[in-house]
Amino acid sequence: PTPQSLAGKKIIVTAGGTRERIDPVRYLTNDSSGKMGVAVATAAQQAGAEVTLIAGSMKVTPPTGINVISVTSTNDMYEAVNEQFASADGLVMAAAVSDFRPATSADHKIKKDKDHPGMTLELVENPDIVATMGAKKRADQFLVGFAAETNDLKQNAQKKLTAKHLDLMVANDVSQSQIGFNSDDNQVTFMWPDGRQQQTPIESKAKVAEEIVDIIATDILKEK
Ligand code: C5P
């Protein structure tokens, strides 16, 4: 991206996974490393944006000079995004958010019960963060979402793009181990609300992030 293509813009980026507490020593989470979100935050900062990174659990450290808000659960991430969104020009939702959380979180370590082998964990639905922002975004605000799919990638991603009112969907096939979660490389298909699609070659997450920033600067924000 050109050095100042996002100058004066305030952008929220989410990264990493969420942790949904079961008891004091256990939680539900996912394989997200935070690499893709951190790469987007870095590229946006290099393009001159004021970046707030809302970070779940991550295997990478965010770059310096970025305002970082650390969160644990999906509800925490929802509250942080909700608080920042009104004053932002856009949100890039790269975090891997848990769709469900345990219905209750025990305040003591759950013990095995010899009389009742096995156990059932009741789950309830979490808020959909980006969909909620999509429902209330102003005409001057943009939303970028990600879709990690293992099957019917384009069909599923297109549905989410529409349902969540995104301006750009970044879809990737996580059934391939050399790309996606944890890897340094990625291969994505950019999808626009007007039906345009563009697939990248396998390339670094840094390169994918620069392309996302370019699309935001030259395509999405031009229309706002
Ligand atoms: O999980 P799913 O594939 O539907 O995620 C698509 C997009 O929606 C991603 O950008 C993800 O960060 C976001 N999402 C969210 N809140 C959820 C689930 C997903 O913001 N509860």
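Before starting on the helices, I wrote down how I take angles: axes are lines fitted to C-alpha atoms, for helices over the stretch in contact, and angles run from 0 to 180 degrees between N-to-C directions. I also noted that this is a predicted model.

Entry one, a helix on strands. I looked up helix α3 (residues 129–136) and found that it lies across β6 (90–93) and β9 (142–149). Against β6, helix α3 runs at about 155 degrees.

Entry two, the sheet. In which order do the eight strands of the open sheet come? I read β5-β4-β1-β6-β9-β10-β12-β13, with mixed pairing. At the edges I found β5 (67–70) and β13 (197–199), each of which pairs on one side only.

I followed β5 to strand β4 (residues 50–55), and the two pair in the parallel sense over four bridges. For L53, I found V68 as the bridge partner in β5.

I picked A80, which is found in helix α2 (residues 74–85). Is A80 buried or exposed? I count A80 as buried because its relative accessible area is 11%, and the cut-off for buried is under 20%. Leaving out residues up to four places away in sequence, I saw A80 touch I54, I69 and V71.

Last, I took a distance from A80 to G145: they are 65 residues apart in sequence and 17 Å apart in space, C-alpha to C-alpha.

Key
Residues numbered from 1 in each chain as written. Predicted model: local features only at pLDDT ≥ 70, side-chain atom pairs only at ≥ 80, totals over all residues. Heavy atoms only, no water. Pairing = 2+ DSSP bridges. Contact = heavy atoms within 4.5 Å. Buried < 20%, exposed > 50% of the residue type's maximum accessible area, 1.4 Å probe, protein only.
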